[in-house]
Amino acid sequence: MDNETARNIRGNLTADCSKCFGLCCTALTIVASSDFPINKQAGTPCMNLQSDYSCQIHSQLRDKGFKGCTVFDCLGAGQVVSQVTFNGESWRENPDIGKKMFRVFPIMEQIHEIIAYVAEALSYDIPIDLADKLGKQLTELQALTKLDADNLLSLDLVMYRFSSNELLTLASDFVRRKTINKMPGVRKIKEFDHQRANWMGKKLKGKDLRATDFRGAYLIAADMRNTDLRAVDFIGADLRDVNFCGADLSTGMFLTQMQINSAKGNVKTTLPSHIHRPSHWIN
Ligand code: SF4
């Protein structure tokens, strides 16, 4: 698979709410917090969900305290569960399928997330043998999205996460090592390892953090204004309220729309092509 095709697969993993039966607004539990003003049980429709599955307060979500809804991104899992797994049959028309549909949704969401990471790794210039392995993994993962509900519910997703993660780490190390080799001085990749680091609130304004490994790091509310974050691995990092104003994330790796939606930024933040600039960054 060529880099362009992989980039397109990654870029096409976007939610189309017009083809979804309001699954994120129904299937998931909501707990009252700074992100939500209400409590809601999984399987119960949100009080703001309308009969056509649109949100009654869509344009005022942040003003009304539903910040969490503006952060969430299902990567297109909602429309696949609605239109492919359940053939366009809604839980409203057929309440008998509701329970199963709501259990399948978070599973499809995870499959789409792994597909997004694997497709992104394939879009990099990496050794051919690694690209072959990632290509096979991607084909297998894409086939999972076509399984029926019962087979999806019995999937061993941990196994897919584990095998994908091994390949993603190899791709990340390769890309970061290439970047490090172009940097002045002789530096070892180990110096860039900040996996699972607790850098909450850390002041990093204007720093050159290229090629850092921030896998699973806690970066909540860190000040990363005007920071160089090219070739940084952000997989699983907690980026809530990180200030990315003016930062260069153009080649940041494994960033998700949800991570970016939960952070702060502005029109000067440079983002990877598959990430949209959140509207609350502009307003
Ligand atoms: S507030 Fe709107 S977007 Fe958020 S869960 Fe309710 S219906 Fe969905």
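Tutor: Let us begin with N261, which touches R62, T70, V71, P278 and H280 when its neighbours within four places in sequence are left aside. Contact here means heavy atoms within 4.5 Å. This is a predicted model, in which local features need pLDDT of at least 70 and side-chain atom pairs count only at pLDDT 80 or more, while totals for chains, interfaces and linings use all residues. Residues are numbered from 1 along each chain as its sequence is written, and side-chain values use heavy atoms, with hydrogens and water left out.

Student: Where is N261 placed? And is N261 buried or exposed?

Tutor: N261 belongs to helix 8, and N261 is buried, its relative accessible area being 8%. Buried means under 20% relative accessible area, exposed over 50%, and partly exposed in between, with a 1.4 Å probe and protein chains only. Helices are DSSP runs of H or I with at least four residues, and strands are runs of E with at least two, numbered from the N terminus.

Student: Now S123, please. Which residues does S123 contact, leaving aside its neighbours within four places in sequence?

Tutor: The contacts of S123 are then N3, A6 and R7. S123 sits in the loop between helix 4 and helix 5, and S123 is buried at a relative accessible area of 10%.

Student: Which residues lie nearest the centre of the second largest pocket?

Tutor: R7, S123, Y124, S250 and T251 do, out of 23 residues in the lining. On a 1 Å grid over the protein atoms alone, a pocket is an open set of points with protein on both sides within 12 Å along at least five of seven lines, and lining residues have an atom within 4 Å of a point; a cavity is a set where a 1.4 Å probe fits but cannot get out.

Student: What volume does the second largest pocket have? And which helix gives the most to its lining?

Tutor: The volume is about 530 Å³. Helix 1 gives the most to that lining, with five residues, and helix 7 (157-181) also supplies at least two.

Student: How many residues of each class are in the lining of the second largest pocket?

Tutor: There are five nonpolar, nine polar and nine charged residues in that lining. Domain 1 and domain 2 each provide at least three residues of the lining.

Student: Which stretches make up the two domains?

Tutor: Domain 1 covers 3-24 + 72-175, and domain 2 covers 187-283. Their centres, taken over C-alpha atoms, are separated by 24 Å. In the contacts between them, 15 residues of domain 1 meet 15 residues of domain 2.

Student: A change of topic: which residues of helix 5 are buried?

Tutor: They are L130, L134, G135, Q137, L138, L141 and L144. Their cover includes helix 1, helix 4 (98-122), helix 6 (149-153) and helix 7. An α-helix has 3.6 residues a turn, so residues three or four places apart point the same way.

Student: One last topic. What is phi of N87 near, and what about A221?

Tutor: Phi of N87 is near 50°, a positive value in a residue other than glycine. For A221, phi is near 60°, also positive in a residue other than glycine.

Student: Where are N87 and A221 found?

Tutor: N87 is in the loop between helix 3 (77-85) and helix 4, and N87 is exposed, with a relative accessible area of 67%. A221 is in the loop between helix 7 and helix 8 (257-261), and A221 is partly exposed at 40%.

Methods. Grid points are joined across faces, edges and corners, and a volume is the space filled by probe spheres set on the points. Ala, Val, Leu, Ile, Met, Phe, Trp, Tyr, Cys and Pro count as nonpolar, Asp, Glu, Lys and Arg as charged, and the others, Gly among them, as polar. Domain bounds come from an automatic or database domain assignment.
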